[in-house]
Amino acid sequence: MTSPLSAPEISRPAGKRDTPRPRPPARPHTSAPWTPRRLATGLGTVVLCLGTVLFVLPFVFTIVTSLRTAADVARSPLGIPHSFTLKNFTHAFSQIHYGTSTLNTLLITGLSCVLITVLGALAGYPLARITAGWSTAVYRLFILGTSIPVFVVVAPLYLLMRDLNLLDTYAGVVLIYTAINLPLAVFFYTSFIRQIPTDLEEAAALDGCGALRTFFVIILPLLRPVTSTLLTFISLQIWNDLLVPLVFLQDPGKRTVMVNAYSFIDPHTVQPTTLFPAALLGVLPLLVIFIFFQRQMVAGMSAGAVK
Amino acid sequence: MFHRRRATMAAFLLPAIAVYALFVLYPLFRGVYLSLTDSVGGPISHFVGMDEYKAMADDSQVSAALWHTVLYAVVVVVVQNGLGLLFASMLFRRPRVRRALNVVLLTPTLISPLMAAFIWSYLFAPNGGLNALLDGVGLGSLQHVWLGDPSTALYSVATVNIWMFTGYSCAIFLASYMSMPTELLEAAALDGASGWRRFRSVEWPLLAPALTVNVTLSLIGSLKVFEFPLVLTNGGPAGATDTLTLLVYRNIFGGGKFAYGVAIAVLLLVTVVVLSSATNSLLRLRERRV
């Protein structure tokens with residue numbers, strides 16, 4: 001049996017054998033001669049790779065240095081490491097109370113993400129489906145929130161939290177994160193639900209299915225892709241944030257990783273062998289997640305902006 | 001029946017509106033009101049009108065901080081998006097390395113600003129990584145007290161910002177590149193247009209929406225920069241890297257000048273809204289033209 005690729009060859013009329021065959025489309029990676037253009041592209045690739053290396057160099061340097069002994073680094077900061085140690089990490093681990101603070105940060109980030117997605121999706125449904133003027137007005141009001149820096153509301157928020165007895169509580173911080181991230185969630189969900197055809201919902205309504213049930217049975221399952229995009233974005237923001245927990249959580253037992261790192265480590269006086277492991281521990285959970293969900297996260301981070 | 005559905009649907013909005021109104025909108029209005037009082041954060045305060053704003057107009061620290069904030073934003077927006085575009089256009093032409101390098105370039109974006117500031121505070125230290133590197137490659141004469149010299153401190157802080165987010169700009173430009181109609185790009189290539197010609201007359205116009213998004217995002221992000229100057233310089237040397245956010249933080253939580261800090265926060269809001277809406281509408285106008 002002939003392979004499909006050779007089939008045209010066989011069916012070719014015998015008389016036309018001598019005519020020059022059309023050249024197959026150029027395959028870029030065969031060993032063609034080094035034309036100036038290819039040379040330029042090749043050089044560009046080298047420059048590109050060098051540029052990228054330059055960007056990760058500080059990162060690599062941080063990892064290598066954090067595994068060296070202080071004396072070794074002091075002798076030659078950029079030299080070849082002689083010995084590796086994990087002592088720096090165990091030291092930093094206890095210095096920033098890594099266990100407790102990681103649990104705190106996880107709790108705050110997790111609860112905030114749940115609240116943001118639930119409230120955002122619930123709000124996005126009517127905003128996408130109801131075309132009355134007030135609905136547009138509410139939507140605009142939410143969009144306004146995407147450009148308000150936290151700094152503008154931080155002082156009045158502090159007074160409000162004090163009056164509500166929510167200072168120094170997880171609930172307070174979670175509510176703040178929920179409120180300041182809701183505009184983005186509302187924007188994501190509203191624009192996503194608008195693209196879902198209404199046929200299914202109309203059929204459900206005729207069958208006597210209420211709005212609540214329609215939402216949970218028909219709309220909610222369709223929201224998974226936009227939710228994962230939103231979650232990659234906001235979980236990164238909340239995990240990495242310093243200001244809100246710094247201002248609103250004073251109890252040492254409730255502090256987050258970033259606050260502990262900020263309060264216990266002065267980068268201008270400590271050795272890089274103390275500084276770098278702390279910095280890496282703060283990033284570690286995200287880095288692990290990034291390695292597993294790399295594809296979704298890259299898509300999420302760029303999709304969030306193209307909208 | 002549909003009417004009742006609408007009512008239930010509208011009820012879905014209530015929790016979101018309640019949280020948003022209580023913890024964002026109300027503080028926003030209360031902040032504007034507080035900036036017109038002499039409040040120190042306690043229960044007693046008097047309405048003093050524009051006094052805080054008048055004091056702000058005479059305060060050279062505030063005008064300097066405003067200037068640093070805007071200069072910082074301009075440097076970051078231009079360099080970060082320039083580099084991001086350069087990387088994206090080079091990556092687009094090299095499908096074999098595209099994905100891997102894009103992921104690598106995005107890693108700094110994951111780091112928290114605080115951790116990035118930790119890493120760079122050592123790299124910029126007088127006997128830190130950067131100076132050691134310069135010495136090592138025989139450029140010892142270029143060694144510098146990067147964060148200690150008022151003329152380089154702000155740019156050094158901006159470098160950290162650019163380092164962190166260039167990969168992000170690049171990813172957005174690259175996503176826009178990938179959605180370009182291939183027929184158009186192939187037609188330009190078949191017509192024998194040079195690389196630069198193709199970029200200038202085909203790709204650049206098609207990148208307009210991505211440019212708008214990138215400039216807007218990096219502008220808003222860099223105007224509210226906080227962790228980098230806080231950790232790297234804390235506003236020093238001699239106030240050369242004081243930003244509006246640092247002044248807000250210092251006045252509200254450290255200086256006892258609560259209302260003054262709130263007034264500076266309002267100035268920050270006005271700066272962000274004016275600059276971002278101005279550039280946004282300019283860029284959108286441009287999108288329609290090209």
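**Questions about chains A and B**

Me: Which residues in helix 2 of chain B are buried, and what makes a residue count as buried?
Reply: In that helix, Leu13(B), Ala16(B), Val19(B), Tyr20(B), Phe23(B), Val24(B), Pro27(B), Leu28(B), Gly31(B) and Leu34(B) are buried. The word applies when 20 or more other C-beta atoms lie within 10 Å of a residue's own, with C-beta atoms placed from the backbone; 12 or fewer means exposed, and anything in between is partly exposed. A word on the source: this is a predicted model, where local features need pLDDT of at least 70 and side-chain atom pairs count only at pLDDT 80 or more, while totals for chains, interfaces and linings use all residues. Residues are numbered from 1 along each chain as its sequence is written, and chains are lettered from A in the order in which they are written.

Me: Why is Leu25(B) called partly exposed?
Reply: Leu25(B) also sits in helix 2 of chain B. It has 18 C-beta neighbours inside 10 Å, so it counts as partly exposed.

Me: How do you know that the length of helix 2 of chain B agrees with its number of residues?
Reply: The expected span is 1.5 Å times one less than the number of residues. Helix 2 has 22 residues (13-34), so it should span 32 Å; its end C-alpha atoms are 29 Å apart, which agrees.

Me: Where does helix 2 of chain B bend, and what does the angle mean?
Reply: The helix bends by about 45° at Ala21(B). That is the angle between axes fitted to the seven residues ending there and the seven starting there.

Me: How many helices and strands does chain B have, and what makes a run count as one?
Reply: Chain B has 14 helices and zero strands, and chain A has 15 helices and zero strands. Both are DSSP runs numbered from the N terminus: helices are H or I with at least four residues, strands are E with at least two.

Me: What is in contact with Leu268(B), leaving aside its neighbours within four places in sequence?
Reply: Its partners are Pro149(A), Phe151(A), Val152(A), Leu244(B), Thr245(B) and Val248(B). Each pair counts because the C-beta atoms, placed from the backbone, lie within 7 Å.

Me: How many residues does each chain give to the contact between A and B?
Reply: Chain A gives 72 residues and chain B gives 75. On the side of chain A, helix 2 (residues 36-66) gives the most, with 11 residues.

Notes
Contact = placed C-beta atoms within 7 Å.
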